[in-house]
Amino acid sequence: MRHHLALMAAAVRLQYLSWRQYRADYSAGLLTVIIEQVVTLTLFWVIFSNVTMVAGWPLGAMLMIYGFTRIAFGISDAFTENLWHVASLARSGELMDYRFRPLGVLFQLLCERIWFERLASCIVGVALLGYGSLAADLDWTLLGLLQVGFYALIGALVYLSILILGAALSVFFIGQESGPMASLFSLTEFAKYPSDIYGRLGSLLLTLLFPIGLIGFVPTAALLEPTALPVIIPPMVLVLVVGSGFFAVCTALWGIALRGYQGTGS
Amino acid sequence: MSTLKAYVGSVRIGFAETFVYRWAVVIDMFAEVVLLLAFYFLWRAVFAAAPHQELQGLTFADFFAYLLIARFVATMTTSSGWGFFYEPVRSGDILLDLSRPLSLGGVTFCQHLGSKLAQLLLVAPAFLLAALLLGIFAGMTLNPWLFVLSLLIAFSAAFCFELLVSISAFYTLAQQGIHEAKALAVTLLSGALFPLALLPAPLAGVLGLLPFAHFVYTPSQVLLGNISGGALWNAMAVQLAWTLALASLSALALRRVRLHYDLQGG
């Protein structure tokens with residue numbers, strides 16, 4: 001474990017130096033982060049210039065949900081860019097190179113490229129969360145702030161798990177570019193809105209089975225309106241148990257996919 | 001004659017390549033369905049909260065009919081991925097493309113056209129089926145022939161814009177951020193997420209002056225019969241004018257690349 005942490009720290013240091021060197025190139029990535037927020041916030045603006053609430057949730061709550069997703073996504077996105085390339089690595093046979101090295105393949109992929117500019121998403125998320133909570137008249141306490149940190153980390157774990165699952169599918173379906181990953185990731189669109197708009201069954205599925213509701217909706221409901229939660233379990237326990245269970249399942253599937261991978265070409 | 005055969009051959013290559021990766025198209029379609037489903041629930045909740053269940057005179061059925069058509073048009077006109085030239089510039093193969101006795105822009109257009117024709121065969125049945133199952137077009141007066149014409153112009157305009165952005169690969173390989181930012185901006189500004197009429201009138205007016213609205217919004221409005229008479233011909237003339245302007249700009253940019261591009265490595 002100490003060995004892995006030391007390697008991780010070295011990777012972060014090297015990537016940071018590289019990032020400073022090529023700041024101009026990375027600024028395009030920063031632009032993406034900004035435009036991404038503009039798109040969703042414009043959508044919210046259009047909605048809330050016509051109505052005051054969506055399924056009983058006011059703008060403040062919607063901004064909090066979206067803010068939570070941005071913080072979690074920013075943390076995860078900074079480390080997971082390489083997972084989007086697993087399809088192409090598998091197809092070209094380069095994924096085999098990773099298997100020959102004396103480190104876990106997933107660990108290598110996560111550490112190889114770190115996108116610091118993607119952390120800007122976290123700053124936007126914190127700002128939206130702060131503004132949304134003010135609009136929703138939420139009184140912050142130290143415990144509430146600690147809860148935010150906890151929910152953000154588990155949310156990042158859920159995002160990471162989805163991408164690991166997507167990478168596993170990319171290995172299963174070699175030759176399909178990044179299709180499986182993109183399709184799976186498209187499901188995270190559901191995380192940006194209150195889960196109860198999808199009905200009781202949809203809300204349950206998005207909390208327990210494909211738990212993207214844990215990223216934004218459950219934390220927001222836990223802070224603002226705990227009675228809106230689809231299951232009667234303390235929210236922090238729910239998030240911890242389901243989030244880590246989902247991570248365990250996704251990493252197990254990644255392991256199975258990798259064991260079945262026999263390389264391509266020569 | 002042989003030049004014409006070469007361009008027709010390029011259309012066939014684009015068509016065949018897309019069919020080789022047909023599962024990628026099907027998987028993309030899955031992502032599209034997911035987005036439509038998420039928006040279905042979100043906007044259903046929004047319309048349920050609106051006075052008289054209408055927004056700017058639109059019912060939920062009107063809105064969803066627009067959204068379904070707009071997503072189909074967006075699939076046919078806009079491009080995902082990292083542009084036309086990232087891979088060939090990175091690998092150096094672009095030298096072969098530039099030295100061929102054919103227009104690089106023309107060949108790229110033909111291959112893109114072939115790819116979109118294959119995509120049309122694969123996705124159009126799914127959109128038609130969804131429209132029939134949901135009874136979306138029941139009682140509507142559609143304008144299919146002018147829609148096809150408007151769609152063709154939109155396709156050409158969007159291609160020229162994509163070509164212009166793709167040419168940036170000759171100057172920087174930081175293409176991911178550039179193309180993600182472009183895709184998000186086009187999605188928002190073209191009306192692929194909601195009808196631009198839902199925006200405040202001054203902003204909708206400004207967006208109507210930009211080329212992006214003519215990639216998706218104009219063809220969708222033409223099909224739904226929401227613009228007619230002089231306004232319809234005016235909209236299509238503006239669409240055509242933007243296509244010519246973007247085509248001239250991209251031709252100039254390609255000419256500049258051909259004259260000044262230095263390939264490194266070997």
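These legends accompany close-up views of a predicted model.

**View 1. Confidence in the predicted model.** For chain B, the mean pLDDT is 88, and 98% of the residues of chain B reach 70 or more.

**View 2. The contact between chain A and chain B.** Here you can follow both partners, with 30 residues coming from chain A and 31 residues from chain B. On the side of chain A that touches chain B, the elements giving two or more residues are helix H2 (23-48), strand S1 (53-54) and helix H9 (179-186) of chain A.

**View 3. Helix H2 of chain A and the make-up of the contact side.** H2(A) gives the most to the side of chain A that touches chain B, contributing twelve residues.

View 4. Helix H10 spans residues 199-209 of chain A, and its buried residues are Ser203(A), Leu206(A) and Thr207(A). Looking down the axis of H10(A), these buried residues fall within an arc of 95°, so they line one face of the helix. Turn to the face of H10(A) directed away from its buried side and you will find the exposed residues Leu201(A) and Leu209(A).

**View 5. What covers the buried residues of H10(A).** Helix H11 (217-224) of chain A is included in what covers the buried residues of H10(A).

How values were computed:
Residues are numbered from 1 along each chain as its sequence is written. Chains are lettered from A and ligands numbered from 1 in the order in which they are written. This is a predicted model: local features need pLDDT of at least 70, side-chain atom pairs count only at pLDDT 80 or more; totals for chains, interfaces and linings use all residues. Two residues are in contact if their C-beta atoms, placed from the backbone, lie within 7 Å. Helices (H or I, at least four residues) and strands (E, at least two) are DSSP runs, numbered from the N terminus. pLDDT is the predictor's confidence in each residue, from 0 to 100. A residue is buried if 20 or more other C-beta atoms lie within 10 Å of its own, exposed if 12 or fewer, and partly exposed in between; C-beta atoms are placed from the backbone. The arc is that of the directions from the helix axis to the C-beta atoms.
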